[in-house]
Amino acid sequence: MTKNNDIINSWERNAALWTTVVREGAIPSRAAGTDQAIIAAVKALRPRHILDIGCGEGWLVRHLADDLGCEAAGTDGSAALIESAQAAHQGGTYMLQTYETLAAQPGQLGGPYDAVICNFSLLGRDIAPILAAAMRSLAPDGTLLIQTLHPSAASGEAAYADGWRNETFASFTSGDWVPMPWYFRTFGSWFAVFKAVDLVVTAVDEPINQASGKPLSVIFHCTAKDPREWDDVKQR
Ligand SMILES: C[S@@+](CC[C@H](N)C(=O)[O-])C[C@H]1O[C@@H](n2cnc3c(N)ncnc32)[C@H](O)[C@@H]1O
């Protein structure tokens, strides 16, 4: 079993519990601001077509379709979560696809989309292939928004260095959660991946927890390299 399989397997087995905690608003960081932060970032783009990669039980797709009236689709590697998303949003488009399949056949993502979102859904070590696939599905002036754990806040007691960690979901006091491996990366490591797939970071948001004054997360706003820059590169 690879770590990626372990990640998907844990989401499949945690799907019912996850759906409940998301829909009951029981994740403190989300209530404290990360949900509103990603909604605001997407809304500012005024998108007509959006795609949520790693959409889980689909809350963001539902919200954006209702709020913005845009065409919103989601994709996820957990059959149980896709089922849950579809059941809650009959008219929505939800696709069961793993990042590994999408990396091999990026056309399966559809598009072009004005905004592609990864909301706490890039959990593995080798994320360059899914990022490359995501960029291919973007409209030329589209934006990829990635919300993830803030590296300085998520490092915790461990060393500030890339590496696999284990999420036990211990903060949820009830439920038989299956632990999930996830890959911690430093700010520098995130930017190295962006560079490797020719992604340009145009803005970085750091939503703050008003109660503690600490960052809740980070949101990277990414675009494809300006095509004019490619001409410039060729001429050199
Ligand atoms: C923390 S949940 C976030 C779900 C959703 N974006 C949200 O905001 O509630 C991470 C999601 O990423 C999906 N995911 C992680 N790795 C994946 C992979 N390799 N292929 C497909 N989906 C994956 C999981 O199935 C899960 O639904």
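Guide: In this predicted model, strand S5 (residues 138-148) and strand S9 (residues 218-224) pair in the antiparallel sense, with 5 bridges between them.

Visitor: Which residue of S9 stands opposite Gln-147?

Guide: Ile-219 in S9 is the residue opposite Gln-147, and Gln-147 in S5 also stands opposite Asn-119.

Visitor: And S4 with S5, parallel or antiparallel?

Guide: Strand S4 (residues 113-119) runs parallel to S5, and 6 bridges join the two; Cys-118, for instance, has Ile-146 in S5 as its bridge partner.

Visitor: What lies between S4 and S5 in the β-α-β unit?

Guide: Helix H6 (residues 128-136) does, and together S4, H6 and S5 make a β-α-β unit that is right-handed.

Visitor: OK, what's the strand order in the sheet?

Guide: The order is S3-S2-S1-S4-S5-S9-S8, in an open sheet of 7 strands whose pairing is mixed. Strand S3 (93-96) and strand S8 (199-205) are the edge strands, each of them pairing on one side only, and from one strand to the next the twist averages 20°.

Visitor: Which strands does H2 touch?

Guide: Helix H2 (residues 28-44) packs on the sheet and touches strand S1 (49-53) as well as S4, S5, S8 and S9, with its direction at about 170° to that of S5. H6 likewise packs on the sheet, touching S1, S4, S5, S8 and S9, and the direction of H6 makes about 140° with that of S5.

Visitor: Switching to helix against helix: how do H1 and H4 pack?

Guide: Helix H1 (residues 3-23) and helix H4 (residues 79-88) pack at an angle of about 30°, and their axes are 7 Å apart. The residues that meet there are Trp-11, Glu-12, Ala-15 and Thr-19 from H1, and Ala-79, Ala-80, Leu-81 and Ser-84 from H4. By class, this contact of H1 with H4 has 5 nonpolar, 2 polar and 1 charged residues.

Visitor: Now the ligand. How many residues surround it, and which are the closest?

Guide: The ligand is surrounded by 21 residues, of which the closest are Trp-11, Gly-54, Gly-56, Gly-77 and Ser-121.

Technical notes:
Residues are numbered from 1 along each chain as its sequence is written. This is a predicted model: local features need pLDDT of at least 70, side-chain atom pairs count only at pLDDT 80 or more; totals for chains, interfaces and linings use all residues. Axes are lines fitted to C-alpha atoms, for helices over the stretch in contact, and angles run from 0 to 180 degrees between N-to-C directions. Helices (H or I, at least four residues) and strands (E, at least two) are DSSP runs, numbered from the N terminus. Two residues are in contact if their C-beta atoms, placed from the backbone, lie within 7 Å. Ala, Val, Leu, Ile, Met, Phe, Trp, Tyr, Cys and Pro count as nonpolar, Asp, Glu, Lys and Arg as charged, and the others, Gly among them, as polar. A residue is near a molecule or strand if its C-beta atom, placed from the backbone, lies within 6 Å of it. Two strands pair if DSSP finds at least two bridges between them. A crossover is right-handed if, with the strands pointing away from the viewer, the path from the first strand over the helix to the second runs clockwise.
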